Structure formats: C-alpha cells, structure tokens
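Here are a few friendly notes to read alongside the model.

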Amino acid sequence: MSTVITHIAALVTNDPSLGDGSPLGLIQDAAVVVDGDRVAWVGESGQAPAADNRVDAGGRAVIPGFVDSHSHLVFAGDRTEEFNARMSGRSYSAGGIRTTVAATRAASDAELEANLTRYLDEALRQGTTTFETKSGYGLTVEDEARALRIAAAHTDEVTYLGAHIVSPDHADDPAAYVDLVTGPMLDACAPYARWIDVFCEKGAFDGDQARAILTAGKAKGLHPRIHANQLSYGPGVQLAVELDAASADHCTHLTDADVDALANGATVATLLPGAEFSTRAQWPDARRLLDAGVTVALSTDCNPGSSFTSSVPFCVALAVRDMGMTPDEAVWSATAGGAAALRREDIGRLTPGAYADLAVLDAPSHVHLAYRPGVPLVAEVWRRGTRVA
C-alpha cells in the first residue's frame with residue numbers, strides 16, 4: 001500500500017538537488033509518497049501523484065527521522081548520586097563507569113532488555129528512528145556477549161565496546177585485559193556486532209592499546225569507531241582517521257592537526273552535547289570543524305553516567321545555543337550526519353529509495369527544534385513507512 005502525505009509546510013529532504021538547493025534540500029508546501037517501507041516520491045504538494053492512502057500534515061514540518069549514532073543503552077541501575085555530586089562541584093572522570101558495571105553484571109537478561117526497550121521507546125517518541133548502541137558495562141566475556149545479543153534483537157547498529165575501561169577484575173594488569181578484549185571476548189562478541197569501539201582517554205586506554213584493539217576488531221570483520229579526545233588532548237582522533245574509523249566521537253579537545261586530519265579523511269566527527277551539559281565540561285567547537293569542511297554528526301550519548309538523555313531535539317538545541325551550529329546544520333547533523341557516521345545512505349534523508357523514516361513536527365519549520373527548546377514538538381513518527389508514534 002502507498003500513502004501520500006500532503007500539505008507539509010516545510011520538508012527537509014537532505015538532498016541539495018531538491019527544493020531550495022541548500023544542504024537540507026528544503027521543499028515548501030511539500031508532499032511525500034511512501035510505498036511500502038521506502039520513499040517513492042517527494043515534491044510540491046500540488047504535484048503529488050495518486051496513492052492508496054492520503055494523510056494531511058496540516059501545515060506542519062516534516063524531517064527525516066533522527067539517526068542517533070552513539071548510545072549506551074544496555075545497562076542496569078543509574079548514577080543519580082554521582083550526578084548530584086558532580087553538579088555540586090565534583091569533576092567528571094572515566095572511573096564512574098565501574099558503578100554501572102557492577103549493576104549490569106548483577107541484572108538478569110530480562111531486566112537489561114526491559115531497560116533497553118524503555119529507552120528505545122522514549123527515543124522513538126522524540127523522533128529517533130535509527131539508533132546505534134554499545135556494550136561496555138559488562139567487561140567479562142559472558143556479560144559483553146549477552147549485552148550485544150540483547151542489543152542485536154533491536155537494532156542492526158551494534159557496537160562491541162569491551163574496551164570501555166579496564167575491567168575492575170584486571171585493574172592491576174591492563175595488558176591482560178587488552179589480551180582478553182582482543183582475544184576470547186572479541187571471539188564471543190563479534191557475531192553480534194557490526195562495529196568495534198574503544199575509549200581512548202586517560203583513565204581508559206592509550207593510543208597503542210586502542211590501535212591494537214581496533215586492529216583486532218577489523219581482522220574479525222568489525223569496523224572501527226572510537227571515543228576520542230573527550231576529556232583531554234590525545235591520539236584518538238588521528239588514530240581514527242588512520243584506521244578509517246566511521247566516526248571519532250566527542251572531539252572536544254582538538255589540535256589543528258586533529259581538525260586537518262578529520263577534514264582530509266572519511267571519519268565523521270560525532271559531537272555529543274549531552275555529555276558536556278551533564279558534566280559541565282568544555283563544549284566542542286562545532287563551528288571550527290564545520291568551517292574546516294569536517295562532516296559532523298550530533299547524537300545523544302545516552303548513558304547513565306555522563307549523558308542521561310535520549311532526546312536528540314535537546315541535543316540539537318544545545319548544539320545551536322552553545323556549539324556554534326546554525327539550526328540547519330544541527331538538524332542535518334542529527335539526521336544525515338548520523339547516517340554518515342554509520343556509513344548508511346538509506347536513512348537520514350527523505351529521497352526516493354531511502355527508508356520512509358520521518359518525524360512530523362508540531363511546528364511549521366525544523367528551526368523550531370532549537371527555537372522552542374524543551375517543548376515536545378514531535379507529533380508523529382513514521383518508521384519504515386508505518387506510523388509508530
């Protein structure tokens with residue numbers, strides 16, 4: 001069955017060959033034809049072809065569904081006390097992950113899956129139609145594998161992050177833990193994952209360890225992505241480009257050489273403003289990256305320790321207010337940019353052949369996502385051609 005959605009005030013296609021010719025490919029007074037799970041046609045509403053069903057958007061804006069390319073949703077417990085202490089003056093460090101590791105290990109599969117689906121449903125209601133999620137809160141062979149097995153039942157974009165921190169079980173022998181991550185743990189986890197990630201940071205893994213972990217993952221058919229340069233300057237970003245990682249995530253502390261490497265490589269800089277909001281840390285300089293020609297994605301980093309939000313609209317508003325992005329750039333980065341960070345061309349855009357993943361906003365323009373921060377503007381969500389929220 002086909003459906004035409006008409007009387008769209010402003011349609012974001014992310015195809016610059018359409019509409020106003022901008023990167024958003026904005027079409028005014030637009031329509032979209034959905035056939036099965038794909039977009040079949042986009043254009044002006046008055047020129048829309050016939051379809052089996054007709055839906056009137058009522059002068060609201062339509063954007064591609066958000067692509068959240070960085071989240072940590074397989075966990076148990078929360079870290080309210082840590083957040084409260086941080087907001088009262090304590091600084092953030094990588095070590096707090098251990099609290100979630102203990103809670104996650106103690107949880108049943110059913111508890112972990114219930115928590116995962118809770119936050120997926122929450123994100124869906126806010127317009128997220130594609131999400132990536134990671135392991136990283138088990139740090140044993142069994143717990144990492146079960147986290148990925150649970151995640152793989154809900155998304156194709158699954159990332160093995162056994163190298164989140166050195167497991168507390170190996171605190172006195174980090175080299176042995178790297179051997180575990182690149183050996184038996186990788187063997188157990190690779191069948192469930194598409195990606196491999198590592199937290200390359202002081203208090204986690206250094207550049208040589210990160211290279212060994214990502215290289216081992218590539219040998220198993222997993223493609224690299226990397227937590228890079230979040231808390232300090234370091235080798236993560238340039239290592240990401242060297243290994244053709246799909247994304248370098250955080251990118252808060254960058255040298256000119258880091259920016260040049262990103263601008264001249266295929267690695268996307270994924271910015272995660274929820275983390276800076278929740279840790280009162282320095283904001284990434286999105287303007288610097290964009291002006292250098294770097295492809296930028298925006299994602300939530302939803303996790304219980306440093307960014308406990310599933311709201312991409314909130315991250316869009318933060319990026320515009322505090323990271324130097326325009327509303328157009330932020331919306332592009334949260335849709336097409338996220339797709340680029342997952343090396344996907346069938347999501348993050350509304351053009352013929354792409355998946356019919358879209359959000360209808362209770363507003364006449366996508367700009368309202370930043371203009372009206374905190375307001376629940378997502379009125380409808382369609383995924384794979386079906387209204388799901």
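1. Helix H3 (residues 109-125) packs against helix H4 (residues 141-152) at an angle of about 45°, and their axes are 10 Å apart. Helices here are DSSP runs of H or I of at least four residues, numbered from the N terminus. Axes are lines fitted to C-alpha atoms over the stretch in contact, with angles running from 0 to 180 degrees between N-to-C directions. The angle makes H3 oblique to H4; under 35 degrees would count as roughly parallel, over 145 as roughly antiparallel, 65 to 115 as roughly perpendicular, and the rest is oblique.

2. A word on the source: this is a predicted model, in which local features need pLDDT of at least 70 and side-chain atom pairs count only at pLDDT 80 or more, while totals for chains, interfaces and linings use all residues. Residues are numbered from 1 along each chain as its sequence is written, and side-chain values use heavy atoms, with hydrogens and water left out.

3. H3 passes H4 in a right-handed crossing (the near helix is turned clockwise from the far one by less than a right angle). Asp109, Leu112, Glu113 and Leu116 of H3 meet Arg146, Arg149, Ile150 and Ala151 of H4, contact meaning heavy atoms within 4.5 Å. By class, the contact of H3 with H4 has four nonpolar, no polar and four charged residues. Here Ala, Val, Leu, Ile, Met, Phe, Trp, Tyr, Cys and Pro count as nonpolar, Asp, Glu, Lys and Arg as charged, and the others, Gly among them, as polar.

4. H12 and helix H13 (residues 327-341) pack at about 140°, with axes 9 Å apart, and are therefore oblique to each other. Their crossing is right-handed. Val312, Val316, Ala319 and Val320 of H12 touch Pro327, Ala330, Val331 and Ala334 of H13. What classes do the residues of this contact of H12 with H13 divide into? Eight are nonpolar, with no polar and no charged residues.

5. Alanine 319 lies in helix H12 (residues 312-322). Alanine 319 is buried, with a relative accessible area of 0% (buried is under 20%, exposed over 50%, partly exposed in between, with a 1.4 Å probe and protein chains only). Leaving aside neighbours within four places in sequence, alanine 319 contacts Leu298, Gly324, Met325 and Ala330.

How values were computed. Helix = DSSP H or I, 4+ residues; strand = E, 2+ residues; numbered from the N terminus.
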